[in-house]
Amino acid sequence: MLLHLEDGVLVVTINRPAKKNAITAQMYRALADAITEADRRDDVRAVLLQGEGGNFSSGNDIGLFVNAQASEHKASPAAPFLRAVIALRKPMVACVCGHAVGIGATVLLHCDYVVASDDARIRFPFVDLGLCPEFASTLLLQQVVGRNKAAEWLLLGATIPAAEAHRAGLVNRVMPQQAVGEEALLVAKCLAAKPRQALMATRGLVRESTEALVQDSLQRETVAFDTLRQSPEAQEIFRRFLQRTPATLAVRT
Ligand code: COA
């Protein structure tokens, strides 16, 4: 992960391009620390989340789901990251290029502004992986895009092009690939320059009404997710993905 501070914006770059920025346990810890630190530091007034190498993130490293490795982590390795993002009191902007899959898609529901490049492809692949959605996305996605669209995206797991995500309200703005980074940084800097107390108070008020529901949804999803993750059905899907057997193609539509 790469970090730099620019005009009050902490730019957090997920940096594992060879694996399309799939997130490992160590990366989750680093991301959680960076977000927690951003919340604490007075010189950080907004966060910009982006991915290195033309992709936002291909989500949880599927290797983490395999039983032998998962048993090393009593709680989900993603848990500190989810908690830090939900607790963050400062605005967060996402700059989405290429693939945004799994947690790379659900994290967008916690951002205040999402800029996507016209090549962005967003996907909620949980059912095809033998899992259920996480990060309170079963609640937040339907709030953002409506119940039927949320059901379509969560159950069918099709790849959502940037233009469709924009029409549905998940993405604020779609830009050509070469302009998206600059635009996202500009929005984050604009937020960072606003009166601090008023910005944080307004953001808090917007989120307050769903806070308890988000926690409840997160808890129920976590229980279901962990049960499903250990099922023979899901374990077989993970094994196929990691061994790149042809059936994996069904998971990657
Ligand atoms: N976990 C582990 N490894 C991953 C990964 C993930 N989530 N996503 C991609 N990778 C790895 C691939 O296995 C491959 O590794 P290799 O080069 O050692 O064989 C490498 O990253 C490149 O990925 P590849 O599949 O060749 O790229 P692509 O452009 O053809 O497809 C994706 C990109 C993102 C569509 C595809 O990799 C994919 O579907 N990944 C799984 C995403 C997912 O379901 N994540 C949610 C988990 S909840």
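# Briefing on a predicted structure

Phe65 and Phe238 are both buried. They belong to a predicted model, in which a search of the whole structure finds 5 aromatic pairs.

**Aromatic rings**

- Among the 5 aromatic pairs of the structure is the one formed by Phe65 and Phe238, which is tilted, with 5.2 Å from centre to centre and 35° between the planes.
- Phe65 sits in the loop between strand S3 (46-51) and helix H2 (67-70), while Phe238 belongs to helix H10 (residues 232-243), so this pair ties together parts that lie 173 residues apart in sequence.
- Both partners count as buried because Phe65 and Phe238 each have under 20% relative accessible area.
- Elsewhere, Tyr28, Phe81 and Phe135 are linked into a cluster by ring pairs.

**Strand S6 and its partners**

- Strand S6 (residues 113-117) is largely enclosed by the rest of the structure, because 4 of its 5 residues are buried.
- Strand S4 (residues 92-96) pairs with S6 in the parallel sense, over 4 bridges.
- Strand S9 (residues 173-175) also runs parallel to S6, and 3 bridges join these two strands.
- Ala116 takes part in both pairings: Ala116 is the bridge partner in S6 of Val96, and Ala116 also stands opposite Val174 in S9.

**The second largest pocket**

- The second largest pocket holds about 670 Å³ of space.
- Its lining is made up of 28 residues, and those nearest the centre of the pocket are Leu109, His110, Val206, Arg207 and Thr210.
- Two or more lining residues come from each of helix H3 (79-87), S6, helix H5 (137-145) and H9.
- Of the elements that line this pocket, H9 gives the most, with 10 residues.
- Sorted by class, the lining of the second largest pocket has 15 nonpolar, 8 polar and 5 charged residues.

**The largest cavity**

- The structure has 1 cavity of 30 Å³ or more.
- The space in the largest cavity comes to about 40 Å³.
- The residues that line the largest cavity are Arg45, Lys90, Leu191, Ala192, Lys194, Arg196, Leu199 and Met200.
- Helix H8 (177-192) and helix H9 (196-229) each contribute at least two residues to this lining.
- The element that gives the most to the lining of the largest cavity is H9, with 3 residues.
- By class, this lining divides into 4 nonpolar and 4 charged residues, with no polar ones.
- Helix H9 therefore gives the most to the lining of the largest cavity and also the most to the lining of the second largest pocket, as the counting of elements by DSSP runs shows.

**Leu156**

- Leu156 is placed in helix H6 (residues 147-156).
- Leu156 counts as exposed, because its relative accessibility is 61%, and the cut-off for exposed is over 50%.
- Apart from neighbours within four places in sequence, Leu156 is in contact with Asp128 and Ala151.
- Leu156 and Pro125 are 31 residues apart in sequence, and their C-alpha atoms are 8.2 Å apart in space.

Technical notes:
Residues are numbered from 1 along each chain as its sequence is written. This is a predicted model: local features need pLDDT of at least 70, side-chain atom pairs count only at pLDDT 80 or more; totals for chains, interfaces and linings use all residues. Side-chain values use heavy atoms; hydrogens and water are left out. Buried means under 20% relative accessible area, exposed over 50%, partly exposed in between (1.4 Å probe, protein chains only). Contact means heavy atoms within 4.5 Å. Rings of Phe, Tyr and Trp (its six-membered ring) pair if their centres lie within 6.5 Å; planes under 30 degrees apart count as stacked, over 60 as edge-to-face and the rest as tilted. On a 1 Å grid over the protein atoms alone, a cavity is a set of points where a 1.4 Å probe fits but cannot get out, and a pocket is an open set with protein on both sides within 12 Å along at least five of seven lines; lining residues have an atom within 4 Å of a point. Grid points are joined across faces, edges and corners, and a volume is the space filled by probe spheres set on the points. Ala, Val, Leu, Ile, Met, Phe, Trp, Tyr, Cys and Pro count as nonpolar, Asp, Glu, Lys and Arg as charged, and the others, Gly among them, as polar. Two strands pair if DSSP finds at least two bridges between them.
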